[in-house]
Amino acid sequence: MKYLNYDFIAPTHLHYLKSYRYKGTDQSLLYNHILSPLADFCLRFVPMNVAPNVLTLMGLACIILPHILYFFVMGDNFAGFIPNWLLWLTALLHMLYMNFDNLDGKQARRTKNSSPLGMILDHNFDSMIILLQGTSMTTAMQFGNTIFSVILYIIPSVPFYIIAHEEYYTHEMNLPVINAASEGTISVAVVFAATAYYGCDMWVQKLPWFFNYQINQFVMLMFITSLIIIMPAVFLKIKKFTSITSLLKQLRYFFLFNIVILYSIIFSQSNVIQNHVRAYMYTVGFTMSKAVGVVALNHVSNQKLPEYQNSIYIYVIIFLNTISGQILGQTIINEGFLIQFAATASFLIHIHFLYNVARQISEALNIKIFQINSINK
């Protein structure tokens, strides 16, 4: 395994890990009056010897399970009939994930096992959940094997990635009264429950009072509108610590790989997304997850953010291959093969990042990842 080792934190910055303390607040009424009290109640039944990272991993498992079930039931079809049991199960497991997501932090404080590694894993797993649950959600909403499935994933990834930068620059995460972590996340469970109750066909019904848009198209438009409304406040917070020009420079990489993916879909010579929408979502999704992890890692280690990451070369190849298809009428590399390769590479790069971050931080702090290091009653 030593040949896979790579230190993402410079030796001169390892000492910052020991002094790191997470700072944040959640002003959400839903969180403070329902979700947090529920987690406090459930915490009574969590043994003191259960590590916070175990709870984080259990939350991720609640999303991975329905994701796998959707694959076996639906295959690579992102539209069509979905069994009611699967929709209700997905909604239930999503609520359980939310509870685990609140439990891990409470358990960390209760056992005094908070660590920068726990924060990184929590943020990184949350970003993965946007992808994994996004594939299920786009199927439930009947977007099908189209570019809209990819766009539905990109919409929530934008605020998630920018808010990660807010935490990097401000050194704290303060969520407003209505936020994506509470209200936004529970709305995902509502989507699955509503689909189970009203049926999948609900999403393709047209709204005569809104330009004959389908309900799923209208909801997507509302998602985009809410994004436009909430993002200026985040930019204003960050502006107190760095210039907007500097921030946009850091966001170039994120916008680049999303634009390349959309460009390659729009100008595909073989309409490759019809058969490989999952590969497109995995490619952009795992790239984003690693990018979020890099921001969190540099936050806890007080390092400068890189202007781009090595995954950019994957997107350069995809972009040039798409251009070759526009010029020659046929791409140099088979588009289906290339996007499947890109998805596999993106996944492996992400796993490599998680392995090395966990290894380096656990060694630097002399802590165990999935075990309690010391119990303080």
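Student: What should I know about the model before we start?
Tutor: This is a predicted model, where local features need pLDDT of at least 70, side-chain atom pairs count only at pLDDT 80 or more, and totals for chains, interfaces and linings use all residues. Side-chain values use heavy atoms, with hydrogens and water left out, and residues are numbered from 1 along each chain as its sequence is written.

Student: Is T195 buried or exposed, and what is its relative accessible area?
Tutor: T195 is found in helix α7, residues 180–198; helices here are DSSP runs of H or I with at least four residues, numbered from the N terminus. Leaving out residues up to four places away in sequence, T195 touches L87, A140, C200, M202 and W203, where contact means heavy atoms within 4.5 Å. Buried means under 20% relative accessible area, exposed over 50%, and partly exposed in between, with a 1.4 Å probe and protein chains only. T195 is therefore buried, and its relative accessible area is 0%.

Student: Which residue follows α4, and what is its phi near?
Tutor: Helix α4 covers residues 84–111 and has 28 residues. From first C-alpha to last, α4 reaches 40 Å, close to the 40 Å expected at 1.5 Å a residue, the expected span being 1.5 Å times one less than the number of residues. The residue that follows α4 has a positive phi: K112, near 55°.

Student: How many disulfides does the count come to?
Tutor: A disulfide is taken as a pair of cysteine sulfur atoms within 2.5 Å. The closest cysteine sulfur to that of C42 is in C62, 12 Å away, so the two are too far apart for a bond. C42 itself is partly exposed at 21% relative accessibility, whereas C200 is buried at 8%. The count of disulfides comes to 0.

Student: Over residues 218–238, how far apart are the end C-alpha atoms?
Tutor: UniProt, in an unreviewed entry, lists "transmembrane region" for several stretches, including 146–164 and 218–238; such annotations may be inferred rather than shown by experiment. Over residues 146–164 the chain is 95% helix and 0% strand, with the end C-alpha atoms 29 Å apart. Residues 218–238 are 100% helix and 0% strand, and their end C-alpha atoms are separated by 31 Å.

Conventions: Helix = DSSP H or I, 4+ residues; strand = E, 2+ residues; numbered from the N terminus.
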